[in-house]
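Please read the following explanation alongside the sequence and the coordinates, taking the contact between the chains before the chains themselves.

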Amino acid sequence: MSFREKCAWISFVLLLLLIVGFAAAGHVEGAGFHYFLTLLLAFALLQVLLRLIIRWQAPKDARTPKDEREQLIDLKAARIGFYSLVAGVLLAMLAVHVHGNPWSGLHTMMLAVLVAWAIKFASEIVYYRRGR
Amino acid sequence: MVPPQITITNTIRKLRFEHGEMTQQDLAERVGVTRQTINAIELGKYSPSLEVAFRIAAAFGVRLEEVFSHDSTQGAQQR
């Protein structure tokens, strides 16, 4: 598995955890700004830590710039992520319209951003597995 | 009209063998791509750009058409 595929796996799994944590916020007592901040900090720290570990395992791979296939995979995955984000934002707007509560819309929009991001990394993994 | 798909094949594995069992990593370093990309090209999963194709041919010191070829029967159907 290439360095960049490992990075995509790390981001994908951590994003899934972040999404679960974010979605569960409604069930956690007193979950507010600090709860989200803690989640985001833990997410960022784990990303850095795990990426440093795999960089340490394969320093040569990590230094190599993205080649044309990896750039193409990145672009294709970003396109899928973009359409997922658009769909998510439209759903969030619908949620505001139905519930009449802008906070629920904001929550859905944040969730849409995270899910779109996860879909982007999932697509990258699929493309890396397929070879293109 | 949708153009017919062209199947591109290559002889990279054979050429690597003929060049002293050159590894995919060696070839990747010469061409300037990752080992995974060379593997994907070799297995026919990814068609490289002309630039990379020429660099692969140059790494073996052969002409491009000695590395890559396409299914001519489908090409004939197209005409």
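Between the two chains, 9 residues of chain A are in contact with 10 residues of chain B, two residues being in contact if their C-beta atoms, placed from the backbone, lie within 7 Å. On the side of chain A that touches chain B, helix α4 (residues 68-99) gives the most, with 3 residues, where helices (H or I, at least four residues) and strands (E, at least two) are DSSP runs numbered from the N terminus. By class, this side of chain A has no nonpolar residues, 3 polar ones and 6 charged ones; Ala, Val, Leu, Ile, Met, Phe, Trp, Tyr, Cys and Pro count as nonpolar, Asp, Glu, Lys and Arg as charged, and the others, Gly among them, as polar.

This is a predicted model, in which local features need pLDDT of at least 70 and side-chain atom pairs count only at pLDDT 80 or more, while totals for chains, interfaces and linings use all residues. Residues are numbered from 1 along each chain as its sequence is written, and chains are lettered from A and ligands numbered from 1 in the order in which they are written.

Chain A has 5 helices and 0 strands, and its C-alpha trace spans about 50 × 30 × 20 Å along its principal axes. Of the 132 residues in chain A, 24% are buried, that is, have 20 or more other C-beta atoms within 10 Å of their own, with C-beta atoms placed from the backbone. Among the contacts in chain A with a separation of 6 or more, 77% are between residues 24 or more positions apart.

Within chain A, the axes of α4(A) and helix α5 (residues 102-130) come within 7 Å and cross at roughly 160°, the axes being lines fitted to C-alpha atoms over the stretch in contact, and angles running from 0 to 180 degrees between N-to-C directions. The two helices α4(A) and α5(A) are therefore roughly antiparallel, a term for angles over 145 degrees. The contact of α4(A) with α5(A) comprises 21 nonpolar, 8 polar and 4 charged residues.

In chain B, Val33(B) lies in the loop between α2 (24-31) and α3 (35-42). Why does Val33(B) count as buried? Val33(B) is buried because 24 other C-beta atoms lie within 10 Å. Leaving aside neighbours within four places in sequence, Val33(B) is in contact with Asp67(A), Ala28(B), Ile38(B) and Val52(B). The C-alpha atoms of Val33(B) and Thr11(B), 22 residues apart along the chain, are separated by 18 Å.

Terms used: A residue is buried if 20 or more other C-beta atoms lie within 10 Å of its own, exposed if 12 or fewer, and partly exposed in between; C-beta atoms are placed from the backbone. Angles under 35 degrees count as roughly parallel, over 145 as roughly antiparallel, 65 to 115 as roughly perpendicular and the rest as oblique.
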